[in-house]
Amino acid sequence: MNDIKLALLGSEGAGKSAVLVRFLTKRFIGEYASNTNSLYRKRLSIDGRQLNLEVFDPCSQGTEARCIVEEPVDWADGFVVVYNISDRTSFINAENILQQIRETRIENCKGEVEVPVCLVGNKQDLCHARQVCEEEGRSLAQENRCLFQEVSAAESYQEISNLFTQLIREVMEHLKYRADRRCYSSSKSMAKLINNMFGKRRKSV
Ligand SMILES: Nc1nc2c(ncn2[C@@H]2O[C@H](COP(=O)(O)OP(=O)(O)OP(=O)(O)O)[C@@H](O)[C@H]2O)c(=O)[nH]1
């Protein structure tokens, strides 16, 4: 069973909880307590593989969102960064968060492949009040090599579901790649150790 940990980040009121709850329950719930951190857990099956999904939805008023990005022991295997298309400030904040994720991961992973991230432009139903055009979101995602989708947690489920599924697939591949690398480097160190212990002796026979 795979364990997958995601963290939701974005400005206060961007709709992080709404997007996540839509994915987990297919329902839209208008109001959420925003003064607490929440950890959601769900068992899922993707491509026939069973997995335990954990999603950390930090309270935006605290500093936890920042902490989890900066946490040196990388808790999250992937990130969902949400902004509100009718609030430019939330888009600028998303840009900063993506940069923080990139910088933190580069420092921690020393050239390892980048952590999977998706950028979500929420509240697409408020397009009459749009402040961020879709192209801006797409190009920000391209610059940061992450997935992108505009969605409306209020009105639809399918796009959110597709996006999370794609992200989870990327996370599973990323975790496999990391495990293979660990395995390869530990078998290299084992080979080196064996060589150090027996290699010279064999040569002298
Ligand atoms: N019109 C519209 N409103 C939405 C949508 N998604 C969320 N909302 C509303 O936006 C407000 C904030 O949603 P939340 O899901 O609590 O946002 P959040 O980012 O988790 O907020 P914090 O917990 O305060 O950080 C609520 O009033 C939601 O009903 C959407 O797709 N369309």
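A residue is called buried when its relative accessible area is under 20%, exposed when that area is over 50%, and partly exposed in between (1.4 Å probe, protein chains only). The model is predicted, so local features need pLDDT of at least 70, side-chain atom pairs count only at pLDDT 80 or more, and totals for chains, interfaces and linings use all residues. Residues are numbered from 1 along each chain as its sequence is written, and side-chain values use heavy atoms, with hydrogens and water left out.

The interior comes first. A nonpolar core is a set of buried Ala, Val, Leu, Ile, Met, Phe, Trp, Tyr and Cys residues joined through side-chain atoms within 4.5 Å. The largest such core has 28 residues, and Leu 6, Leu 53 and Ile 168 have the most contacts inside it. Among the elements that give two or more residues to this core are strand E1 (2–10), helix H1 (16–25) and helix H5 (158–204); helices (H or I, at least four residues) and strands (E, at least two) are DSSP runs, numbered from the N terminus. The most is given by H5, with seven residues. Apart from this core lies another, of 20 residues, which includes Phe 79 and Leu 98.

Cysteines are considered next. The structure holds zero disulfides, a disulfide being a pair of cysteine sulfur atoms within 2.5 Å. Cys 118 is in no disulfide, and the nearest cysteine sulfur, that of Cys 146, is 7.5 Å away. Cys 118 is buried, with 0% relative accessibility. The sulfur of Cys 133 is too far for a bond, because the closest cysteine sulfur, in Cys 127, is 13 Å from it.

Charged side chains provide further links. A salt bridge is a side-chain nitrogen of Lys or Arg within 4 Å of a carboxyl oxygen of Asp or Glu, and by this rule there are six salt bridges. In one of them, the closest N and O atoms of Arg 88 and Glu 136 are 2.7 Å apart. Arg 88 lies in helix H3 (residues 88–109) and Glu 136 in helix H4 (residues 134–143), so this pair ties together parts that are 48 residues apart in sequence. Another salt bridge joins Glu 150 and Arg 130, with 2.8 Å between the closest N and O atoms. Here Glu 150 is buried, at 0% relative accessibility, whereas Arg 130 is partly exposed, at 30%.
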